[in-house]
Each structure stands twice: as C-alpha cells, then as structure tokens.
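Let's take a walk through this model, one region at a time. Have the sequence and the 3D view open as you read.

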Amino acid sequence: MNRMRSLGLGCIFVAVFVVGLGLGQPVVVPTYRDVSGPVGLLRLGQTDRRRPTLNKYWGSSIVDVDRDGRYDLLLSNHGNNAEWYWSQGQARFQYMNPRLALRDIHSTCALDMDNDNVMDVIFTRGGKSGKEPAKPVVFDVSKDRTWTRDEGQKFRIATKGMRGRSISALDMNGDGYLDLLYVNQRNISATSAHLMYRNLRNGKFAFTPNVGIERVNALWFKLLDVNGDGWMDIILMAFDRVELWLGTGAFKFRRNVGMIPGWKTMSNVRCIAEFDMDGDGDMDLYFARGARHKPFPDVLLERRKGVFVNIAEKAGIAKLSGRHFHVSHGDFNNDGYEDLYITRVTFFNAPRLRDLMLLNRGDGTFKVAPRHGTEPPSRREDGDSSGVFDYDMDGRLDILTGNLNATWRLYKNQTPQNGNHWVIIRVGTPLAGHFRPWLKKTPLGALVKVFCKDRVFVKRVDGHGSSHSQSYMDTLHFGLGTCNRILRISVKYVGGVTVSKGNFFGVDRVIEVGQYWPCPRGFIGKQCTRRIPQCRDGKCPQGMRCETLLNRNYYCPI
C-alpha cells in the first residue's frame, strides 16, 4: 500500500509538471518579483508633467554610458519627458532628469562620439506627423556624469528637421569607429528620408549621401550581419513590408530580395529579435507584428545552411496572433536555450492582455509560460515595450517593462538554477589594437561564441530586440544549461577581425575578452594595472603571425 501510494504521488508530480509546461521537453518556468521601487525606479508622476494615455515608445536603450561595468537606462516616455537612470553600486539606480518634457521623444542610442571613453547620448524627436519636423537632442557626457546639450552642432550631426523615428550606431567601414544612421519616416514632400553620418575619428561627423536606402519608406530597423561577411546589414520595417539591405563595407547598402521569405507581404512588423532559437550556433529571426486595428501572427525564421525558413507553425507561435509591438530575447531559466518576451497592445480597446513569455523547449517549439510575476497590477495599463538584462550580475536575466499609462518596472529573476550554469562575457576592443591601430574594432555588432563540449552558444553585441531605439549591450549573459566548463570563447568584430580566448574557463562567472575598461595604451583591467605584453611570434601556433587572435598573453591570427 505504501509502495502504491508512493508511485501515485510520483505520477501526480510528473503530471503537474507536464500539464504546466505542455508536451515536449521539460522546461522550468521562471519566477519574477517587482523590485522597481527598491532599486530606485520612480513612480509615474515623479518623472513627467502630465499623464497621457500613450506615454512610451516601443523601446529603451540599455547601455553602460560611463563605462563603469554596469548598465545605465535610457527610457523614452514619448511626449512625456524621458527617464535616465545611472547605475549605482551593485544593484541600484539613480534618476537624472534629462529635461525633455513635452519634446515628443521617439528613440535613443549611445556611442562615444568624441573619443573620451564615455558614451554620448542622442534622443530623436518626432515632427507632429510631418507638420513640424524636429532636430534631435544630443548629450555630450563626461566621466563624472555631467553633460552639455545641443542639437548636434558640436559633433556636426545637426540635421534639418525630420520625423525622427529611429536612430542607430554602426561601423559601416570596419575602421573601429561608430557611424550614425537616422531612420526617419518620410515627409510627404520629401524624396528621401534616412540620413547617414560618417565618423571622422576626430570628434566630428560628416553627412554621407547616397548610401542606397534613402528612398525606402521605413520607420524601424534591425542591424545584423545576415550573410556573415563581417559588414553590418539592415532590415528596414515599413507598414506594408520588410526590406533587407546588405552592407558592403564602403558606406553603401545593396538591396537583397532572396534571403527573407515573404518579405513583400510581411506587413506591420514592429520589432525584430536576432537569436539562436535551436542551439545550432547560427542566428534565427523573430518578427513581432501588430497594427492598431488588426492583430497579426508573428513570424519565426530559422536559418538552415544560410537559408531562412518560416517555422512559425511548427514552433507553435503562428496561433498566437495579436498586436505585438516589441520582442526581447534571453535565457530566462539558464537551460541553454533562448526564450522570448513579447509585449501585447490593445490600445485600451479591450481588457488588458498580459505579455507573453515564450519558453524554448529546446526541440524547435515554444510554450507560453503561465503566470510568472511580470503581470501588470492595473487594468488601466496597456502593453508597450520591454528589455532583458542582468541588472545585479547574479547570473539570472531580469526583465524591464514599460507599459502604457504606467511607470517603467524592473522585475528580478528569482528562478532556482536547478543545476544549470551561466556565464557573462564582457566584450571589449581587441588588445592587439593597442599595438596595431588597424586592428582597433568596436564591440558593437560583434558576434560572440561560447564553446562547450557538445554545444556552441552565440549572441551579438547589440540589444534584446530592435524597433525604434538601440541598446549597446556588450556585457552578455549566456545560459549554459548543464555545461560546466567552457573550452573557448571567440569574438568576430565588424570588419572581419576575430579574437579567440582559450585554455578552458570555469562557469557561473564574468569573463572579459579584450579591452573593456578605458586604460592608457598598453594597460588593461578595471584599475588599469596590468600591462599588455607585446606580441611574440614564438608563442603563436605553427604558421601563424602576430596580429589578430588574442590568447591570454599573446595574440596571433585565427
């Protein structure tokens, strides 16, 4: 009898586990707790002058502005000011008022424009549906967190008034310096919309015409290297389609019509996430879709030998039709497979729908997670945007949400590790760039791979999902599942330089690759106390010369 009772209880436990997660691979449901107040995020009404119904704008910028090793937060509230939070110690934030009330803020990005090892910040502004085109607001930030502000005159990125939908930084020619791209909604009377500014490396930029995409009437963007040639490509999102344009390394994009299936009719895409869905070491694409008056099914493209295939039906996401305006990705339970967080919008025309957390089963399918802790507390809210990062560096991904008619909220991940492991890779510039200036490369856009015995994990230095704003996430979280020893880490920078770090590493820790901290030439480390040894050919593997591969105390080509 006792034996039968024991067997019965065991069966009940398994059934609950399977019913809660669906058929397929067992998946641990993450649990989250709202820590917004304790970490310093302010309530609605403390950061703005009024409370309009729509006061976010489908995106945020998560970036280490002052290069102290912790992410800062640049959060848009549309016409309702913006919120700027400095990281403060281990796990807190300090609010700074950027004084942008009533400025119709659309998008944000950050990059070091004056080569002082501190990120400068740009907020773009709308133009009242084209009636009053506006200029961006540019913050020249100093190491002590002070700033001066203009409309881009100092850096020579002042533009004519525009409908400033989106902005991004990218290295267009592989010289290690970030250029600027404005993605603007076209005014009715204009023949072109988007603006490219080339980084002159001296704290100034120069307008660069005729890059190829000027006449594409797009509003949103996703940067990626879709063909793996070392140059950044761009997917432009319009209301009626998406278009892929390939970078050439020479301030030109060329249109591609063969790689993205169904691009001509893929309408109302609002956000794109690039992530390794199936753990095969290459990057897949998720397209979040939705319009104000009509729901749409999302699209999931799996890369198979360089070709994308739509597997939304097979993956179980085609039936999740809705108004999805943002998608973020990350391994929320550290099982080694990337999950998705999708915001749902009703425009207050229906009861509030909680955002979707799609848990990756590891077999090419996803399961909608039951309640897990990020559900909004008020029916007066609506969905808008999200961000994913490890704010307290405990190895578990936390979630930032920005709901309409609500405050920004931060949810702490409290999921037990259950035998799973993780690693955080902090990506800097190649150390070889200290001695070979042509090897100086920017981390933004780099492809990072972590090699274990039976798996390779891959992520790009970019953001969690791309719509209007751009994050600069160079401290990357990898869920490793049961991998307890890393064999090698490689970083492929824009322009083709690849850095490799080997000789085995432990897990559940932070690992630095390259020069992350601002240091004088020849030194490395947070305190800049370690000297970088000069390259010695004798330590390179046979047949290799000193140049592009970093391996602890020397560097050689891959």
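## A threonine to start with

Is threonine 407 buried or exposed? Threonine 407 is buried, because its relative accessible area is 14%, and buried here means under 20% relative accessible area, with exposed over 50% and partly exposed in between (1.4 Å probe, protein chains only). Before going further, a word on the source: this is a predicted model, in which local features need pLDDT of at least 70 and side-chain atom pairs count only at pLDDT 80 or more, while totals for chains, interfaces and linings use all residues. Residues are numbered from 1 along each chain as its sequence is written, and side-chain values use heavy atoms, with hydrogens and water left out.

Threonine 407 sits in the loop between strand S27 (398–404) and strand S28 (408–413); strands (E, at least two residues) and helices (H or I, at least four residues) are DSSP runs, numbered from the N terminus. A polar atom of the threonine 407 side chain lies 2.7 Å from the backbone oxygen of leucine 42. That counts as a polar contact, meaning a pair of N or O atoms within 3.5 Å; within protein, one must be able to donate a hydrogen and the other to accept it, and residues adjacent in sequence count only if both atoms are side-chain atoms. Leaving out residues up to four places away in sequence, threonine 407 touches Leu42, Arg43, Leu44, Lys56 and Thr401, where contact means heavy atoms within 4.5 Å.

Two strands pair if DSSP finds at least two bridges between them.

One spot to look at is arginine 33, whose bridge partner in S28 is lysine 412.

## Two asparagines with positive phi

Most residues other than glycine have a negative phi. Asparagine 405 has a phi near 60°, a positive value, and its place is the loop between S27 and S28.

Asparagine 268 has a phi near 60° too. You'll find asparagine 268 in the loop between strand S17 (253–256) and strand S18 (269–275). Asparagine 268 counts as buried because its relative accessibility is 11%.

## Disulfides and buried cysteines

How many disulfides are there? The count comes to 2 disulfides, a disulfide being a pair of cysteine sulfur atoms within 2.5 Å. In one of them, the sulfur atoms of cysteine 452 and cysteine 483 are 2.0 Å apart, and the link is left-handed, with -80° about the S-S bond. This pair ties together distant parts of the chain, 31 residues apart: cysteine 452 is in the loop between strand S30 (447–451) and strand S31 (456–460), and cysteine 483 is in the loop between strand S32 (475–481) and strand S33 (488–492). Cysteine 452 and cysteine 483 are both buried.

The sulfur atoms of cysteine 519 and cysteine 528 are 2.1 Å apart in their disulfide. That link is left-handed as well, with -90° about the S-S bond, and both cysteine 519 and cysteine 528 are buried. As for other cysteines, cysteine 109 is buried, with a relative accessible area of 0%, and cysteine 271 counts as buried at 0% too.

## Cores

The largest nonpolar core has 58 residues, and those with the most contacts inside it are Trp84, Ile157, Leu180, Ile425 and Ile486. A nonpolar core is a set of buried Ala, Val, Leu, Ile, Met, Phe, Trp, Tyr and Cys residues joined through side-chain atoms within 4.5 Å. Apart from this core lies another, of 20 residues, among them Val242, Val269, Phe287 and Leu301.

Isoleucine 486 is worth a click: beyond four places in sequence, its contacts include Val423, Val450, Phe451, Cys452, Leu480 and Phe504.

## A mixed sheet

An open sheet of 3 strands runs in the order S32-S29-S35, with mixed pairing. S32 and strand S35 (510–513) are the edge strands, each pairing on one side only, and the twist averages 25° from one strand to the next.

Strand S29 (residues 421–427) pairs with S32 in the antiparallel sense over 6 bridges. Within that pairing, histidine 421 stands opposite glycine 481 in S32.

Key
Axes are lines fitted to C-alpha atoms, for helices over the stretch in contact, and angles run from 0 to 180 degrees between N-to-C directions.
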